[in-house]
Amino acid sequence: MMESIILWVLALLSAPFFSALILKVKAFFGGKKGPPLLINYYTLIKLCKKGSVYSTSTTYIFKMGPMISLCASVTVLMFLPIAGHAPIFSFRGDIIFILYLLGLGRFFTIAAAMDTASPFEGMGAAREAYFPIICEASMFMILILFYTLTSELRLAAYFTGCQPLELWLTAGSPMLFIIFSFFIVLLTENSRVPVDDPATHLELTMIHEVMVLDHSGPDFAFIEFGSFCKLFFYSTFVARLIYPFSTYNIVWDIGLFGISLVAVYAAVGVMESVMARYRMDKVPQFVLTSFALAFFAIVITLEFVK
Amino acid sequence: MNTRFLKIRNGAAISKEEIPNLPFDDFSRQAKDIVKNGGKVVHYFAYTAEDQIKLLCVLRTDALFVAATDAPESYPSLSNECEPFHMFEREIAEQYGIKPEGHPWLRMVRYHPNYTGKPDVFGNDYKEDIPGNYDYYSVAGDEVHEVAVGPVHAGVIEPGHFRFNCIGERVFNLEIQLGYQHRGVEQLLPSVPAKRLAVIAENNAGDTSIGNALCLSQAIESLTSTEIDDGAKIIRTIALELERLQNHVGDLGALSGDVAFLPPANYCGRMRGDFLNMSLLICGNRMGKGLVRPGGVRFELDDEIRIELIRRIDEIKPQVKHTIDLLFSTPSVISRFEGCGAVSRKNAEELGLVGPAGRACGIAYDARREFPNEHYGYLDIPENAEPTGDVYARSKVRADEIMQSIEIVQSLIENPIETNIVESNPVDSDNFDLAPDSFVVTINEAWRGELSHCIMTDENGKIERYKIKDPSFHNWNGLSMSLRDTGISDFPLNNKSFNLSYCGFDL
């Protein structure tokens with residue numbers, strides 16, 4: 001149990017570092033030096049030192065948004081088998097609890113955005129509410145597959161120890177589909193290119209960023225930190241699938257898990273560097289690809305893995 | 001064509017008496033005739049001559065035509081039948097209080113009291129802040145919403161207000177309301193000492209300082225019958241092409257950044273700096289300010305600078321080519337550019353789009369080719385028309401022009417350039433004599449398109465009317481049109497593909 005808590009704290013502490021890797025990769029492709037690897041820590045510290053500004057037209061909902069979304073992201077990490085180690089909490093059906101906990105966080109981010117009554121934020125909220133619906137469909141498709149493979153509804157049952165290897169062995173190549181499907185969900189849920197552009201300053205094209213325009217100071221730090229944790233959460237899925245082994249030695253596991261995480265984050269960075277983002281009305285097609293992949297994976301598995 | 005409009009040349013002063021003074025009906029009918037037969041409006045403005053307000057119109061077909069008329073109190077709008085007069089009539093109404101009856105969209109242009117003290121056509125009280133009682137186009141219904149952007153924007157750009165009427169993500173109509181930067185340049189210019197003229201002209205629009213300085217200098221030279229030497233002409237041509245390069249390269253980078261494709265965005269940002277530094281090398285100012293003055297140029301391009309310039313351009317040319325190739329060979333970029341914000345050729349003709357925005361709609365007009373001045377008469381400027389009118393076409397035209405401009409500059413700096421710099425030139429000091437009772441119009445192809453200045457002098461050789469028309473004056477409505485039925489999230493992309501001037505419009 002103690003080890004699980006330590007791993008959880010490590011995950012929280014390292015999440016901003018991994019996100020900075022994406023910036024480094026993008027800078028490399030752009031022929032720039034890029035910000036330091038600890039940039040996100042500096043940003044968080046800077047934001048926490050600042051005061052928050054609240055518009056007179058907002059209510060307590062606006063202040064609640066960042067806190068709840070941060071709490072949701074931090075809590076879901078407690079259910080995550082980090083480095084293949086057992087998580088802090090785990091119960092039958094926790095995967096559904098986790099998905100909707102993230103949904104709760106998103107709901108309050110959207111509510112806070114609507115609370116400002118800014119036309120931009122309303123528009124961003126509409127987009128943010130729309131795209132993850134398709135993600136949810138893909139997530140449940142993947143869940144159905146995992147359930148058929150393991151007869152378990154616990155996140156820990158899929159990603160602890162050598163369990164991912166079991167998934168690979170029973171399902172075989174369709175797991176490749178699942179990796180891509182997860183990766184698309186990761187890009188969508190975390191507002192990365194080609195769905196959203198985290199670097200733009202143009203409100204009219206933003207999805208996630210526009211919703212948090214009015215937050216400042218510590219509130220904004222909460223949002224930023226929450227999004228680092230969320231990205232860590234989804235990256236772990238992909239990382240565990242591409243490195244499905246476990247050495248049962250905690251230090252080795254952490255090291256190898258760290259390396260596979262770096263690979264996932266670097267892949268996000270490469271993705272952002274080599275392609276432009278999609279036009280807003282093409283995004284649903286892209287996200288639906290993840291659903292289609294998961295769906296095919298199920299069809300293939302159910303047919304051949306009896 | 002049987003017209004009573006007088007044919008004039010670009011940058012050649014004529015006596016005011018030569019301008020045909022037609023009765024208003026003839027004036028209106030003939031102007032409409034020319035424009036309906038493919039002519040374009042270069043200028044249409046009012047001025048005061050001997051207590052009489054007159055209207056003057058400069059049109060272009062393959063040549064320039066001018067005519068004037070005594071302005072009536074109000075007149076039947078020309079825009080009703082002939083759309084290209086639309087903005088000009090609004091401007092006249094705002095500047096001189098002359099109302100075009102039945103104008104389809106009579107709104108203020110820049111928000112200032114008129115020059116004549118007549119009752120305001122728009123019923124504005126100018127003590128109030130802009131926009132006063134501006135009546136925005138509005139739509140109503142379920143799921144219809146309005147998004148107001150600006151006048152203060154997220155980026156470090158100029159102020160302007162954009163009002164989107166949308167259904168969901170789709171834009172019905174975009175209304176652009178400007179005037180936040182109005183400084184009264186046209187009113188200021190006639191009142192300043194001559195040596196300040198060029199300084200003010202350069203700052204009409206900071207990114208078009210060479211273009212504006214050229215227009216002014218050519219006009220003054222023509223009114224003072226000053227001949228400039230060939231070397232100065234070549235240096236001016238180089239400067240104008242460098243200005244084009246700086247802005248086109250910067251904008252291609254920004255377009256790439258707007259679709260979140262970072263490598264070209266970064267490379268272009270750096271290369272824009274390199275081109276700016278070439279201007280710095282020539283005249284000590286990255287925007288080329290202080291280079292072009294009536295009578296010639298203030299800095300020579302000696303062999304040391306010339307060799308350095310050749311070296312720099314040889315070095316940067318393959319980089320520019322490579323970056324453009326990267327941008328236009330990336331499928332995800334092309335899928336964003338193609339079909340985005342298309343303006344039809346017909347609409348472009350009616351709006352009178354000029355420059356790259358017009359060429360992207362298939363209108364090949366380029367003032368460098370059709371009304372050549374400086375060294376352009378010796379250069380071969382290709383037609384860069386693209387048929388599709390979308391963001392792809394606008395960026396493609398710019399990319400083509402970048403490579404052409406590099407070649408133009410390369411060819412011009414091949415040989416030594418000799419010029420007598422203007423340091424104590426008579427037209428650069430206070431006591432110069434403009435020809436009295438004269439009129440001159442100068443046209444240059446600035447990087448945004450046709451930029452034109454008009455000067456009118458009184459019987460003492462003082463400037464009595466200075467008229468400036470920035471290409472943005474035509475093109476802002478093109479941007480508005482491109483947003484019809486386009487996703488609102490594509491606005492920044494379209495906006496950048498036009499990249500119009502706020503201060504050049506607001507004056």
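**Entry 1: strands β15 and β16 of chain B**

I began in this predicted model with strand β15 of chain B, residues 449-457, and I found that six bridges join β15(B) to β16(B), the two strands running antiparallel. Looking for one facing pair, I noted that C454(B) stands opposite K467(B), which belongs to β16(B).

I then asked myself which strands make up the sheet and in what order. The sheet is open and has four strands in the order β2-β14-β15-β16 of chain B, with antiparallel pairing. Its edge strands are β2 (14-15) and β16 (463-469) of chain B, each of which pairs on one side only. I reminded myself that strands of a sheet pair through backbone hydrogen bonds, either parallel or antiparallel.

Next I looked for a helix on this sheet, and I found α5 of chain B, residues 209-223, which packs on the sheet and touches β14 (438-446) and β15 of chain B. The direction of helix α5(B) makes about 150° with that of β14(B).

**Entry 2: the domains of chain B**

I looked up the domain assignment of chain B, which gives domain 1 as 6-101, domain 2 as 144-177 and domain 3 as 185-506. Taken over C-alpha atoms, the centres of domain 2 and domain 3 of chain B are separated by 27 Å.

Which elements of domain 2 of chain B give two or more residues to the side that touches domain 3 of chain B? They are β10 (161-167) and β11 (170-177) of chain B, and β11(B) gives the most, with six residues. In this contact I counted 13 residues of domain 2 against twelve residues of domain 3, both of chain B. By class, the domain 2 side has seven nonpolar, two polar and four charged residues.

**Entry 3: the largest nonpolar core**

I turned to the largest nonpolar core, which has 245 residues, and noted that A294(A) and L59(B) touch the most other members. Helix α9 of chain A, residues 217-242, supplies the largest share of this core, 15 residues.

**Entry 4: where chain A meets chain B**

Finally I asked how many residues each chain brings to the contact between them. Chain A gives 24 residues and chain B gives 24 residues. On the side of chain A that touches chain B, the elements giving two or more residues are α1 (2-29) and α5 (119-150) of chain A. The residues on that side of chain A divide into eleven nonpolar, six polar and seven charged.

Definitions and conventions
Residues numbered from 1 in each chain as written. Chains lettered and ligands numbered in written order. Predicted model: local features only at pLDDT ≥ 70, side-chain atom pairs only at ≥ 80, totals over all residues. Pairing = 2+ DSSP bridges. Contact = placed C-beta atoms within 7 Å. Axes fitted to C-alpha atoms, helices over the stretch in contact; angles between N-to-C directions. Domains from an automatic or database assignment. Nonpolar A, V, L, I, M, F, W, Y, C, P; charged D, E, K, R; others polar. Core = buried A, V, L, I, M, F, W, Y, C linked by C-beta atoms within 7 Å. Buried ≥ 20, exposed ≤ 12 C-beta atoms within 10 Å, placed from the backbone.
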